[in-house]
Amino acid sequence: MLFYKYVLIGFLVLFSLSLGAQSKSTLKEEAKAFIATEHYEDAIQTLERSRQLVRTDEESQFLIAVCYYQLNRLEDAQALLASLTAADKSPYPECWLYLGKILHAQQQFGEAAAHYKLYLRTLRPDNPNRPMIIEEIRRCDNGLRLQFHDARAIVENMGPQVNTSGDEFAPVLSPSRSTQLYFSAIRPGNSGGPRDKDTRPDEKFGRFLSDMFYTQLEGGQWQEAKALHSLLNSPQHEHLVGFAGQGQVLLYYQGWNWERGEFFADTFQQSEQRTLTTTPLLAPVRGQNGEQQLFSYNDTLIIFASRKPGGYGGLDLYKTSFRDGRWTAPVNMGPVINSAFDETTPFLARDGKTLYYSTNDSKKSIGGLDVMRTVYLPEAARWSPSINMGLPINSADDDTHFRLARDGFTGFLASSRKDGLGQRDLYVAYFTKYRQEMEPPTISFVASQPAAPVANPPVVSQPVSNPPVSVPVAPAPTNNAYVWQTTYSSLSTAARPTWLMSLAEQASQFPEDHLVLTCYVPQNHQGTLSGELYSALQLLTIYSRTLESNGIKAERIFIRALAHGEQDYQVDAHFAPVTTSFSTRSVPVIGIEQAKSPANNALEEALCYKVQVMSVQRSVSDAKLSQRPQLMLEQASSSPYQRFTAGAFSNFAAADSFRRELISTGYRGAYVVPYLYGRRLEKGEAAQYLSSFPDLRKFLGR
């Protein structure tokens, strides 16, 4: 994005030179000043004050087309540029450039490259823009190769409640609440007001600086973003970079520009405890030296971007580790990752060896900064060659700040792609397959070290917790030894069951077990089954929040909704053991005893396989989906999305056959998942149950 900004400013200078000694209209000069400061709407309005400029002045028409492009109005820009090239045998050469950029943004890589070449032919051999255009042609060639690869994810704009016509970037999911997302934004209304390049207040040509915000997921929708505390957001740039101290310390950057600032640690003090000063980060990452885009891993490793002397060119990625009670000197991460271009916005996955970052290396990128993935190979003590994450994670514009959620299926990123609402927008990615790198580490590229202090003094309020205990899991004192049940005539009449409080009390007797809440929906009901299951899951979400407020950790709760043959809605709860010593426990796993039949016996077994069909964040009315056998909608309380699964099988081979059938009917992302006592078993957990359930070897591919 910065590249295009500098190119645009350079073009404005070239235009002025091409007009020689001709006098400039005041309006055009003012419009150019607005464009140079990225006030594109103001530039258009300025030029439109003169009908003659808009109708007959080619330079003014070109400037308006550039503004349309910057405002994501691609069709308007394309039409105006096409009219300029058709009406004049020798139009501004930059018309071909911007037509190429529009086609590039629309992922028409071949046609974009052709227009870039038309522009290239107009440039003298010594023109400084030639290398940049050649790089764009290479990126188009990369796009042609990658556009037919299978999509790994579905990417959605987070919408107008989060994004604006401004610049939203750097999404960071809360480490303790998967439904809360922090981010940074440059938008109207930010602290300090608009300022010029020298940071002086400037209402006309100034730009706002960045503030920090958060948004929450409620009812499947991200809510209106809210700014962080006024003592965190100042007139300077604030950029949230992550968390430390086991999630209790917020790390952020503050400075008047992006090259000269400092990193700080905030310990979430109450408003009345805050002061006008904050605590610097102790690690050897110096914002005042231009070091930026810090990522902290387990308080023992920091990866950041820097232009330190001796690098490979542009921004390089460096790392510093906490060893023997101190931080090591930063080390360049090497030529496999770094290049003569920019490498930035690192994210190290939970396994400690899968690194995501963004680069605009034209050998790898399809446009601007692209998200890459590399894996540390401990046997060889080196990084694997970086792989482009492809479409739709990447686009023809800048794609940065990629991070995976702990659930392994969801990711977040910032992108300046031209289908957005502003300069950069926040996007959420739903992966079709579980990202194995979000499993806890076995071998990391950084040795395990004691947690490092992040601030001095470390003002961190530690949570009070009881030491782990080992006690036998006793049955709950109810009519059914292992099941709590309630029946409703409809979802609209459903209320919180009285046994929720008793259930919360019993949870202390099952300290390691998971709690499964199930809502059974009548098979014959109005509307589609998929929509009804979603409504039932929202009811269970309310119940799970009640349990959380009474001391049950969110990660222990698993909720699901499925159909049964009864006329009423039924809600039940049971504990799913995490040890196989209770494999004889008679509990309803996915079905219920009253509805048991030869067709769904697999639903009652301790180990059951189903096939995931899709992930959603809102209700879907899908008649085709509703016809799938044993359709179920599920959600872990720590996850922001819901997952539809179908079928129920007692062995992996039968489930895999059903998966292939679903793929042949259009569900390309279908894959098999196991359930143990009704709780979804993630792949990383399955290995510990092999001795009791040998069929899991087929699921694990062993």
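Residues are numbered from 1 along each chain as its sequence is written. In this predicted model local features need pLDDT of at least 70 and side-chain atom pairs pLDDT 80 or more, while totals for chains, interfaces and linings use all residues, and side-chain values use heavy atoms, without hydrogens and water.

Me: Why are α5 and α6 called roughly antiparallel?
Reply: Helix α5 (residues 58-70) and helix α6 (residues 74-87) pack at an angle of about 155°. Angles over 145 degrees count as roughly antiparallel, so α5 and α6 are roughly antiparallel to each other. Their axes are 7 Å apart.

Me: Which residues of α5 and α6 meet?
Reply: Contact means heavy atoms within 4.5 Å. Among those that meet are Phe-62, Ile-64 and Tyr-68 in α5 and Leu-80, Leu-81 and Leu-84 in α6. By class, this contact has 10 nonpolar, one polar and two charged residues.

Me: Why does Ala-405 count as buried?
Reply: Buried means under 20% relative accessible area, with a 1.4 Å probe and protein chains only. Ala-405 has 3% relative accessibility, so Ala-405 counts as buried. Ala-405 lies in the loop between β21 (399-404) and β22 (410-415). Leaving aside neighbours within four places in sequence, Ala-405 is in contact with Leu-173, Thr-410 and Met-438.

Me: What makes a set of residues a nonpolar core?
Reply: Its members are buried Ala, Val, Leu, Ile, Met, Phe, Trp, Tyr and Cys residues joined through side-chain atoms within 4.5 Å. The largest has 123 residues, and Leu-503 and Leu-696 have the most contacts inside it. Helix α11 (residues 529-549) gives the most to this core, with nine residues.

Technical notes: Axes are lines fitted to C-alpha atoms, for helices over the stretch in contact, and angles run from 0 to 180 degrees between N-to-C directions. Helices (H or I, at least four residues) and strands (E, at least two) are DSSP runs, numbered from the N terminus. Angles under 35 degrees count as roughly parallel, over 145 as roughly antiparallel, 65 to 115 as roughly perpendicular and the rest as oblique. Ala, Val, Leu, Ile, Met, Phe, Trp, Tyr, Cys and Pro count as nonpolar, Asp, Glu, Lys and Arg as charged, and the others, Gly among them, as polar. Buried means under 20% relative accessible area, exposed over 50%, partly exposed in between (1.4 Å probe, protein chains only).
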